[in-house]
Amino acid sequence: MNIEAIWQAQTQQALFREMLEAMARPGTVRDLAHHLEGANALRGLLATLMDGSTTLADPHGLVHDADRVLLQAALDMPERARFVAVDGERAPDFQPALGTLASPELGATLVIVVDALDAGSLTLDLTGPGVESVKRLACAGLHPDWIAAREEWNADFPLGVDLILVDKTKLAAMPRTTRINVLAEVH
Amino acid sequence: MNMTSHTPTAYNFGFLDEYAKKEVRRAILKAVSIPGYQVPYASREMPMGRGFGTGGLQLTLSLIGPGEVLKVIDQGSDDSVNAVNLRQFIEMTCPGVSTTTRTAEATLIQSRHRIPERPLTGDQIIVLQVPYPDALVVVEPSEDKRKIMHGEADYSRLLVKLYEDIVQFDEITISHRYPTRINGHYVIDPSPIPRWDVPKLHHSRSLALFGAGREKKIYAVPPHTDAEPLVFTDVPFRVEDFRDGEGRRRACERCGCADSFLDEFVDGSGEKVYQCSDSDWCDEHLAEANQGVTA
């Protein structure tokens, strides 16, 4: 039987290390292509992190039925789920879980699918833990309302949400501690 | 489905099943996102007693993959019993992983009670074994209350404790596990590292992960992040002082290094002698010194 790479333990270990690097160094774009073997980054990420003991919301229908079974994660509302996969081109229309003062880890991880990372007209300057001075991140296909909404959601540290942006094969992260300065969109 | 087909042992790669690893991995990502916050996790039974580094081990086993170069340290040494045990266990359960004693060669370092003297690089991750993860436990017995105090960054009672030390001894007497504030919010117990190692966490190039197996907590200090020991402005933090009675900095008996953390021994004749605690650092200096002699 031929098992797709993203469902294999060894691939998931390698993908996790890429995600950890991305989360520890906000704005750093990690190319996962050589691990994914044709799958897209969203599927690779979900395959690596999901199992029956976590919850996933998929309000924009990004996850195929066949994958949903293999991921094992219980489906939940975007307001409650631990992981929420969304299409970055659409503006946010829900408030994700922000965690509690005693348990801020219950704040959601938003996985936002964008058109491109490391390219595009939206330029973000990131500072905060994991960034030595300033890290510049360019992306395409991210509705600017996500940045504004995130700022609101993350206003009361330690409460907040952590963002992982994915394009076809690449990934970059912005944990709740990252401060974002939106540079004027260049056309 | 997740079993690697080439595993020569009867165990899954990394001993832990893939569900256990996923849980630890999700906790690690949240720990990095909320620097210094202790993320709870299930902490599986390991084939060694809790208190023998099972928290660090579960982190290592969830991180490690084929091609990894691993270093395991116990109190600065690769040859102490805890390091040898853990290294052998990882070698047995993780085929394709190589081990080293050289800090510079390692991609992943699991350590008990020391951070290597050689500054870590951005390509390295250090995993520290933690017996007591919560710095507030000395002032508040209830975990529910501690979690609220941490959330509010309310460390006033901890500061009172430090102040009592100053009243009694004119200085803060904590020798290891020095409470350290991460990114201006959470105060962590940085594991039983000496004061000497605490400044190494401040804006380190490498990611530091902390695992407490018995207490079931994982926390992190990301790279390039503030890690400030709790102090008062008029009583600055200071590290261990290795000067002798005449004010001279003691040097390592073996390699001559005069700027490393020293362990004190009593030799056969009853004399006190001092040696580098970090054995790889000491070996490297000794090799350099010998090269100097032969050249």
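Begin in chain A by selecting helices H1(A) and H3(A): the two are roughly perpendicular to each other, because an angle from 65 to 115 degrees counts as such. The model on screen is a predicted one.

**Stop 1: two helices of chain A**

Keep H1(A) and H3(A), residues 41–49 of chain A, selected. Their axes lie 9 Å apart, and the packing angle is about 105°.

Which residues meet here? Show side chains for A:Gln12, A:Leu15, A:Phe16 and A:Met19 on H1(A).

**Stop 2: where chain A touches chain B**

Now show both chains. Their contact draws on 32 residues of chain A and 33 residues of chain B. Which element gives the largest share of the chain A side? Select residues 9–24 of chain A: this is helix H1, and 10 residues of the touching side come from it, the largest share. The chain A side as a whole divides into 18 nonpolar, 7 polar and 7 charged residues.

**Stop 3: chain B as a whole**

Chain B holds 6 helices and 12 strands. Along the principal axes, its C-alpha atoms fill a box of roughly 65 × 60 × 35 Å.

The radius of gyration of chain B is 20 Å. A compact globule of 295 residues would have a value near 19 Å, so the two agree.

Colour chain B by burial next. Of its 295 residues, 46% count as buried. Contacts can also be sorted by how far apart the partners are in sequence: among contacts in chain B between residues at least 6 apart, 61% join residues at least 24 apart.

**Stop 4: the two domains of chain B**

In chain B, 14 residues of domain 1 are in contact with 7 residues of domain 2. How does the domain 1 side of chain B divide by class? The side touching domain 2 of chain B has 3 nonpolar, 5 polar and 6 charged residues.

Technical notes
Residues numbered from 1 in each chain as written. Chains lettered and ligands numbered in written order. Predicted model: local features only at pLDDT ≥ 70, side-chain atom pairs only at ≥ 80, totals over all residues. Nonpolar A, V, L, I, M, F, W, Y, C, P; charged D, E, K, R; others polar. Helix = DSSP H or I, 4+ residues; strand = E, 2+ residues; numbered from the N terminus. Rg over C-alpha atoms; globule rule 2.2 N^0.38 Å. Buried ≥ 20, exposed ≤ 12 C-beta atoms within 10 Å, placed from the backbone. Axes fitted to C-alpha atoms, helices over the stretch in contact; angles between N-to-C directions. Parallel < 35°, antiparallel > 145°, perpendicular 65-115°, else oblique.
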